[in-house]
Amino acid sequence: MILISSCLAGLKVRYNGTDSLDERIQRLVLENKAVTVCPEIMGGFSTPREPAEIVGGDGEDILDGRARVVEKSGRDVTELYIKGAYATLQKALELGATKVILKEYSPSCGSAVIYNGDFNGTKLVGVGVTTALLKRNNIDVFSEEDFFTDIK
């Protein structure tokens with residue numbers, strides 16, 4: 001079984017109430033080959049919500065206590081991101097998922113690139129909180145951009 005970011009399957013759960021539909025990924029769900037998850041919703045956020053970025057590092061640094069996730073207004077929401085990451089890990093373990101497709105650039109889901117924490121659109125190499133936790137537990141994480149070319 002594959003876990004997929006809910007927004008990629010067409011669910012309107014992104015911070016601004018939209019989706020990031022990828023029809024190839026949605027097809028996996030419709031064919032019962034994948035199950036959707038949204039770490040941010042599972043962590044306790046609602047939709048819409050204020051945009052958030054990782055400040056001081058990436059998801060690895062969050063898990064190690066060296067960085068934090070903050071909303072644009074400055075509110076620290078690190079604990080909700082960690083809660084969502086652990087809920088996603090639990091779901092992956094329950095389903096026996098060995099592969100996960102998550103939305104690139106997200107502070108939860110980014111698998112190679114995230115925003116830099118300045119809320120100015122600048123990106124940097126790094127992973128989101130959920131991706132970091134899943135990888136620490138030997139679960140392969142792909143973005144929607146690389147899944148269909150990297151998966152074997």
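**Pocket, fold and one serine**

Mentor: The lining of the largest pocket has 14 nonpolar, four polar and eight charged residues. Here Ala, Val, Leu, Ile, Met, Phe, Trp, Tyr, Cys and Pro count as nonpolar, Asp, Glu, Lys and Arg as charged, and the others, Gly among them, as polar. This is a predicted model, in which local features need pLDDT of at least 70 and side-chain atom pairs count only at pLDDT 80 or more, while totals for chains, interfaces and linings use all residues. Residues are numbered from 1 along each chain as its sequence is written, and side-chain values use heavy atoms, with hydrogens and water left out.

Trainee: Which residues lie nearest the centre of the largest pocket?

Mentor: A pocket is an open set of points on a 1 Å grid over the protein atoms alone, where a 1.4 Å probe fits, with protein on both sides within 12 Å along at least five of seven lines; lining residues have an atom within 4 Å of a point. In this model 26 residues line the largest pocket, and Arg-14, Tyr-15, Tyr-105, Ser-106 and Pro-107 lie nearest its centre. The elements giving two or more residues to this lining are α2 (39-43) and β3 (52-55).

Trainee: How many helices and strands does the protein chain have?

Mentor: Helices (H or I, at least four residues) and strands (E, at least two) are DSSP runs, numbered from the N terminus. The protein chain has six helices and eight strands, in the order β-α-β-α-β-α-β-α-β-β-β-α-β-α along the sequence.

Trainee: Is Ser-143 buried or exposed?

Mentor: Buried means under 20% relative accessible area, exposed over 50%, and partly exposed in between (1.4 Å probe, protein chains only). Ser-143 counts as buried because its relative accessibility is 1%. In the protein chain, 47% of the 152 residues count as buried.

Trainee: What is Ser-143 in contact with, leaving aside its neighbours within four places in sequence?

Mentor: Contact means heavy atoms within 4.5 Å. With those neighbours left aside, Ser-143 is in contact with Ile-101, Leu-102, Glu-104 and Ser-111. Ser-143 itself lies in strand β8 (residues 140-143), and its side chain reaches the backbone nitrogen of Glu-145 at 3.0 Å.

Trainee: Where does a side-chain oxygen of Asp-22 reach?

Mentor: At the start of helix α1 (residues 23-30), that oxygen of Asp-22 comes to within 3.0 Å of the backbone nitrogen of Arg-24. Just after α1, Asn-32 takes a positive phi of about 60°.

Terms used:
A polar contact is a pair of N or O atoms within 3.5 Å; within protein, one must be able to donate a hydrogen and the other to accept it, and residues adjacent in sequence count only if both atoms are side-chain atoms.
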